[in-house]
Amino acid sequence: MLKDFHSNTKNIRNFSIIAHIDHGKSTIADRLLEYTGTISERERKEQILDDMDLEREKGITIKSKAVRLHYRAKDGNEYVLNLIDTPGHVDFSYEVSRSLAACEGALLIVDASQGVQAQTLANIHLAVKNNLKIIIIINKIDLATADTEKVNQELKNIPELKEEEVILASAKEGIGTSDILEAIVNKIPPPSGELNLPLRALIFDSIYNPYQGTIVYVKVVDGIIKPGIIIQTMSNEKKYEVAEVGVFRPNMEPTKKLIAGEVGYIKAGFKNIKDTQVGDTITDASNPARKSLSGYKKVTPLVFCSIYPIDNKEYENLKAALEKLKLNDSSLFSEPETSQALGFGFRCGFLGLLHMEIIQERLEREYDLNLIATTPSVMYQIAKKDGKTIKISNPASFPSKIEIEKIEEPYVKVNIITPSQYIGGIMDLVQDRRGTFKNMEYIDEKRAILDYDLPLNEIILDFYDKLKSRSSGYASLDYEFISYKQSDLIKVDILANHELVDALSFIVHKDKAYYRARKIVEKLKEIIPRQLYQVPIQAAIERKIIARETIKALKKDVIAKCYGGDITRKRKLLEKQKAGKKRMKRLGKVEIPQEAFLGILKIE
Amino acid sequence: MDLGLYLHLPFCKSKCHYCDFNSYPLRDDYQLSSYISALYSEIAIYSQKLKNITIKTIYLGGGTPSILSGDSIYNILNFCKNSFKIDKNAEITIEVNPGTLDKKKTKRLNEAGINRLSLGAQSFNDSLLKKLGRIHTAQDIIDSYYKARESGFNNINIDIMFALPDQTLIDFRNTMKKAISLKLDHLSLYNLTIEKGTIFFESFKEGKLNLPTEDEEYDMYSWAINFLEKNGFEHYEISNFARPSKRSIHNQIYWYNQPYLGIGAGACSFINRYRYMNFKDPSRYIKEVENGKLPVDKGEKLSLRKRMAETVILNLRTKEGVVYQKFYNRFKVKMDEIFNQQVDKLVGLGLLRKDNYKIQLTKKGLFIANNVFREFVD
């Protein structure tokens, strides 16, 4: 007999936790789970909601999850609190916004030492946009470096938060947990859905399970969903019969139904994760809603790179690994690609840099692959003289100059929060990256927020590292895509021994082409070892050479001493060197080490 | 079976800055005498195990074998003669450190039957000698050399190193000219390499070692080859030069990949397709021998493929190169059938020269021989 927990939405509270990275989101979640007895101390690992290894390591939440807490409030009533955990990084801002759309309130966590950061602001804006009630929590107040008063003042200076009360907490020490729970019950409104309207449920996440197919996480906004009914996704009108519905405690637990206001899961024989996109609306096929819930959009990758196995024999393994990752990640894009230099591989698209980094690491770590990932790039829109418009992310497919009418590149709006003494250095950096200054405001007497428009291409490589180093680690960054803008871009090719190395071509603003080309050939000269022949390294625009370095021929490389005791050792040394050479990519007569494809664009 | 015999004496007065050999600063006389006793025991064990062998050459290496007294060396060699059958014309070499030789000792070495001397000179530049951590001066080399000549040694080698920190081509030429003025019989010329576990390695890591560039190394080496050939030396192995009939017979055993027996701590042997090494640590070595065991630490039985590859690589180090007939006599298979592809490729690259009888390194191949050798290993 399945339990029927309630039928009263008055006692439901749906909320998220939002925070800048490392401000303590997952630890707060753990305390709430423990306090409400959802999970015992013994069961808990450090961060319960983050179960991927990488998540725990990077201290971020990648996939959002939901947990249902039962809480008896001080008013004596029993409440159902649905905590929807959200990804904590800007790359996943669409997923965050859909998770927030499933809530009526949000806990905003701010670190008592670090104060308001770029993603704090971004999260506040998202929460306000979704009409959420915000509960402010200053966390880590137990730390010696905490300055609660200052952080409180920073928060009061944010117009949207002026009126809000602040809860002081230390998730580590368990301080403030009951205050937070009371605030959730008393301040966040119950969901306002209509039981009697046709079913509308918002998909805010989905996971793939090899035995059960795709399981979608939903918030039921209107109506009721229960096993046996036929549902359909409103964006693509695919129909499914509901096999099971249930809630998270925190493991999946089946229930008889999910009603308006509730958060839970649906199993309905969804085959492909791509058919149940985050943000889409599920309705009753026999009594469909007329309008889907607002806010749905197809996620499009922003950052691209090519991934090749170092050993071509691993191509099939790479292919299988990418397929597996895509089962659980509808925002990951990949398609087969061939490079003259690198052989068979894939062009992949990601939500952002962190997403790319996570995928690369998972491929190498979980699937034990040795990969070459090319320099990341963005998607360009090129209007050709023949009237066609093409989108390209791979420099290899860049058309020749005479075919191009105009080129557009994606721009992002960037917010940087920094202590004021670093403003000068940061402005230089942003200027150098073709940034357009928009605005500057002081959060308090010591910190400012800078507002710039920048080509995405300029920040995907090493902008974040540079920003951190110019601000002694204090500046924080947030960005979002705004639009495509016309730019004067050209492709620079790299030739080794007069042969094009397609994987090293790059697209760059015209004004920077010569400088970059020069730096890159210099760097390649350092990285590529001497070969049997002299090897010219050249950079070219449309076959016109704009930079050249020469790697001199190998002159001397011979083991001097070789007597009785040396023979085994020397043979093993030669064997090792030979194995090392196999890991280099051979292009024509030239052997190029992997790192040439990785780091060369990371230059001053 | 003909064998070369190597005896290792791992003690030195102090450790040189570049040295990664199995050598240790000598603590006291007791350490030395217990080590010598162990050598006797190991020789005794092998004299029981290896019947029907003839020792063609003996080589006393180190460390610094000349740190031993003349009598000790005499007695060790005498014991070898009693334990093994030794060819009456055997070449018997000892490595000598210029700081450790006097007239009495040279005389005794001569009486012990030693007929070849190898002087670890390294350089004739005193400031470079100091940098290397050598305990002698340029004058000590010259003095030792003449003492040896006076005692009747007519086959003397000196070791010279190049590509030293702060060394210029001019420094090096001066050293070579001084060496040649001594009317040597043989010269070994080694490119300095920075090995782990040495003082130089530590300085190198800290960026404190001003080493010549690859181009400068090339210039030194190629100048030296020309210079020595002009002065009547035959360049018979990558690092070795000899007057006519003064090649090192013992070392040729290594390059022709022939069997040898190594005795002493860390010594290597190559017998019956096994190449193995004794324990390096002298105390461990002594302990094993005292327990009546062969002090072997590790070894491998070489597969046919490895023996063929090693033979090719080692032979290519020599002026003669790989002689097809010899290869066939040894392995009963034609070298062409095994290494056809590699040889053609390397001939195409101009690194090997091939005729109807043999293959050899070309001049170009000599300087970058590792690129040739790598082709033959797995």
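**View 1. Residues of helix α13 meet residues of helix α15 in chain B of this predicted model.** On the side of α13(B), the residues in this contact are F339(B), Q342(B), K345(B) and L346(B), and they meet V372(B), E375(B) and F376(B) of α15(B). Sorted by class, the residues of the contact of α13(B) with α15(B) comprise four nonpolar, one polar and two charged. Helix α13(B) spans residues 335-348 and helix α15(B) spans residues 369-376, and the two pack at an angle of about 160 degrees with their axes 9 Å apart. That angle makes α13(B) roughly antiparallel to α15(B), and the crossing in which α13(B) passes α15(B) is right-handed.

**View 2. Helices α2 and α3 of chain B pack against each other.** Here the angle between α2(B), residues 70-83, and α3(B), residues 103-111, is about 5 degrees, and their axes lie 9 Å apart. The two helices, α2(B) and α3(B), are therefore roughly parallel to each other. From α2(B) the contact draws on G70(B), D71(B), I73(B) and Y74(B), while α3(B) contributes K104(B), K105(B), R108(B), L109(B) and E111(B). Three nonpolar residues, one polar and five charged make up the contact of α2(B) with α3(B).

**View 3. Chain B touches chain A.** On the side of chain B that touches chain A, at least two residues each are supplied by β8 (186-191), α8 (214-230), α9 (249-255), β11 (260-263), β12 (268-271) and α15 of chain B. By class, that side of chain B holds 15 nonpolar, seven polar and eight charged residues.

**View 4. An open sheet of six strands is found in chain A.** The strands of chain A follow the order β2-β3-β1-β4-β5-β6, and their pairing is mixed. At the edges stand β2 (66-72) and β6 (166-168) of chain A, each of which pairs on one side only. On average, and with direction ignored, neighbouring strands of this sheet are turned by 30 degrees against each other. Within the sheet, β4(A), residues 105-111, and β5(A), residues 133-139, run parallel and are joined by seven bridges; I136(A) in β5(A) is the bridge partner of L108(A). Helix α4 of chain A, residues 118-129, packs on the sheet and touches β1 (12-19), β4 and β5 of chain A, its direction making about 170 degrees with that of β4(A).

How values were computed:
Residues numbered from 1 in each chain as written. Chains lettered and ligands numbered in written order. Predicted model: local features only at pLDDT ≥ 70, side-chain atom pairs only at ≥ 80, totals over all residues. Axes fitted to C-alpha atoms, helices over the stretch in contact; angles between N-to-C directions. Helix = DSSP H or I, 4+ residues; strand = E, 2+ residues; numbered from the N terminus. Parallel < 35°, antiparallel > 145°, perpendicular 65-115°, else oblique. Contact = placed C-beta atoms within 7 Å. Nonpolar A, V, L, I, M, F, W, Y, C, P; charged D, E, K, R; others polar. Left-handed = near helix turned anticlockwise from the far one by under 90°. Pairing = 2+ DSSP bridges.
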